[in-house]
Structures are given as C-alpha cells and as structure tokens.
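The following account is intended to be read alongside the sequence and the coordinates. Please keep both in view while following the paragraphs below.

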Amino acid sequence: MAQRFILAQKYTEKYKDVLLPCEHCGNQNIVIASDRGIFDNKLYWSVCCSTTSCDCTGFHTSVVDAVKSWNEKQREI
Ligand SMILES: [Zn+2]
C-alpha cells in the first residue's frame, strides 16, 4: 500500500475525536484522504464524509488546515 494511504489512515485515527459529524447526513465516520498533485507531485489532504458523494473539503497542503476547514464547513450549515 502506498505510504500516503497509511498516513491518511493514521491521521483519520488521530483526528477522529476532533472532526465534527457530517451535517448533511449525520454520519460520524469522517475520513481523511490524501492525493498526490498531478503537476507538482505534492501531497494534498482532504476530509470527507464516508457516505458516497456526500461532503468533502477541497485539497489542502496541510492536514491541520483540512481538519479546520471541515469543522468550519459543518458549523456553517
Ligand atoms: Zn455526509
């Protein structure tokens, strides 16, 4: 398994008590995911509701920013 998937799992575990439940569907199973930038080959982080096609933050260069962005988004609704 690629290193970034293992990292994403570790961060999901680390931030699971910090991440707010999804305001759209009430799901508490929120997942942190990583993607490799096509052009710059950097890691980008996003926080997603595990319900398919529900809610997701955009791509952030830091995990902390992705987590913050998710929580702010859930409070706005
Ligand atoms: Zn959801």
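The model is predicted: local features require pLDDT of at least 70 and side-chain atom pairs count only at pLDDT 80 or more, while totals for chains, interfaces and linings use all residues. Residue numbers start from 1 along each chain as its sequence is written.

Is cysteine 22 buried or exposed? A residue is termed buried if 20 or more other C-beta atoms lie within 10 Å of its own, exposed if 12 or fewer, and partly exposed in between, with C-beta atoms placed from the backbone. Cysteine 22 is buried because 21 other C-beta atoms lie within 10 Å. Residues up to four places away in sequence aside, cysteine 22 touches Asn27, Ile30, Cys49, Thr51, Cys54, Asp55 and Gln74; contact here requires C-beta atoms, placed from the backbone, within 7 Å. Cysteine 56 is 34 residues from cysteine 22 in sequence, and their C-alpha atoms are 9.6 Å apart.

The hairpin has 6 residues between S1 and S2, and asparagine 41 in the turn has a positive phi of about 60°. Across the pair, isoleucine 32 stands opposite valine 47, and serine 34 faces tryptophan 45.

Helix H1 contains alanine 8. This alanine 8 counts as buried because it has 20 C-beta neighbours inside 10 Å. Beyond its neighbours within four places in sequence, alanine 8 is in contact with Ile32, Ala33 and Ser34. Serine 46 is 38 residues from alanine 8 in sequence, yet the C-alpha to C-alpha separation is 9.4 Å.

A nonpolar core is a set of buried Ala, Val, Leu, Ile, Met, Phe, Trp, Tyr and Cys residues joined through C-beta atoms within 7 Å. The largest such core has 13 residues, and Ile32, Val47, Val63, Ala66 and Val67 have the most contacts inside it. H1, S1, S2 and helix H2 (63-76) each contribute at least two residues to this core. H2 provides its largest share, 4 residues. Alanine 66 touches Ile32, Trp45, Ser46, Val47, Thr57 and His60, not counting residues up to four places away in sequence.

Terms used
Contact = placed C-beta atoms within 7 Å. Pairing = 2+ DSSP bridges.
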